[in-house]
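Subject: Structure handover

Hello,

Here is the structure you were expecting. Please open it alongside this email, as the notes below refer to individual residues.

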Amino acid sequence: MTPADQSTEARKICALAPIIPVLVVKEVAHAAPLARALVAGGLPALEVTLRTPAALEAIRAMADVPGGVVGAGTLLTPADVKAAKAAGARFGVSPGLTETLVKACQDEGLPLLPGCVTASEVMRAMEWGYSTLKFFPAESSGGAAAVKALGGPLPQVGFCPTGGVSLKNARDYLSLPNVLCAGGSWVAPEAKMIAGDWAGIETLAAEASALPR
Ligand code: 3PG
């Protein structure tokens, strides 16, 4: 799958909802009820970060949840891409972009949402064929003002700002013409997962899915 085709797929995923939950799943048992709550709240695209031993099993469990589109985040190596694809991930997210990651996603046929911050990083991603990018880490890299500024010379790129995005500042990003959606972990707090408060997570998801864009 070429980077251009990956970006086309990534754009469809970004169109599903204003927010892509960034999930750190520590217990496999949390995966299915968490996915059900987020989907019920209106957030079908889910990013499970490969940062816990449970992550790949969590992706497997979430892949069966009706209405969900489950992806893998924190992809750093070709091995991550292979494992994510084998677990049923339908898209991948990376904090950055490397040549080996591009090749792995091409070979595995996994749509990648790669991370960029600077104009040069965006231009390098465009040279590969990517036009749908994560802006990461969003808040500490200039926030909505920086994304807006990139839209001047590079309006063809659609961004998913992630990192420090919350219900308070999400509107600043989502109101920009070059923002497709945003990523955030606030919709799935660890304390609510431990407490099994799936209704509470559904409420957070419903608030996020109602954000205008
Ligand atoms: C991450 O990689 O953890 C994401 O950027 C999520 O960031 P957040 O916790 O600030 O939403």
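This is a predicted model: local features need pLDDT of at least 70, side-chain atom pairs count only at pLDDT 80 or more; totals for chains, interfaces and linings use all residues.

Ligand site

Which residues surround the ligand? They are V22, R51, F136, T162, G163, G164, G184 and S185. Three of these place a polar atom by a ligand oxygen. For R51, a polar side-chain atom is 2.5 Å from an oxygen atom of the ligand. S185 also uses its side chain, with an N or O atom 2.5 Å from a ligand oxygen atom. G164 contributes through its backbone instead: an N or O atom there lies 2.6 Å from an oxygen atom of the ligand. On its own the ligand has 310 Å² of accessible area, and the protein covers 76% of that.

Helices 3 and 4

Helix 3 spans residues 55–63 and helix 4 spans residues 78–87. Their axes come within 8 Å and cross at roughly 30°. That angle is under 35 degrees, so the two helices count as roughly parallel to each other. On the helix 3 side the contact is made by L56, I59 and R60, and on the helix 4 side by A83, A84, A86 and A87. By class, this contact has 6 nonpolar residues, 1 charged residue and no polar ones.

Backbone details

Most peptide bonds are trans, and most residues other than glycine have a negative phi.

- P137 sits in the loop that runs between strand 7 (132–135) and helix 7 (143–150). F136 is also one of the residues around the ligand.

Regards

Note on methods. Residues are numbered from 1 along each chain as its sequence is written. Side-chain values use heavy atoms; hydrogens and water are left out. Axes are lines fitted to C-alpha atoms, for helices over the stretch in contact, and angles run from 0 to 180 degrees between N-to-C directions. Helices (H or I, at least four residues) and strands (E, at least two) are DSSP runs, numbered from the N terminus. Angles under 35 degrees count as roughly parallel, over 145 as roughly antiparallel, 65 to 115 as roughly perpendicular and the rest as oblique. Contact means heavy atoms within 4.5 Å. Ala, Val, Leu, Ile, Met, Phe, Trp, Tyr, Cys and Pro count as nonpolar, Asp, Glu, Lys and Arg as charged, and the others, Gly among them, as polar. A residue is near a molecule or strand if one of its heavy atoms lies within 4 Å of it. A polar contact is a pair of N or O atoms within 3.5 Å; within protein, one must be able to donate a hydrogen and the other to accept it, and residues adjacent in sequence count only if both atoms are side-chain atoms. Accessible areas come from the Shrake-Rupley method with a 1.4 Å probe; for residues, only the protein chains shown count as cover.
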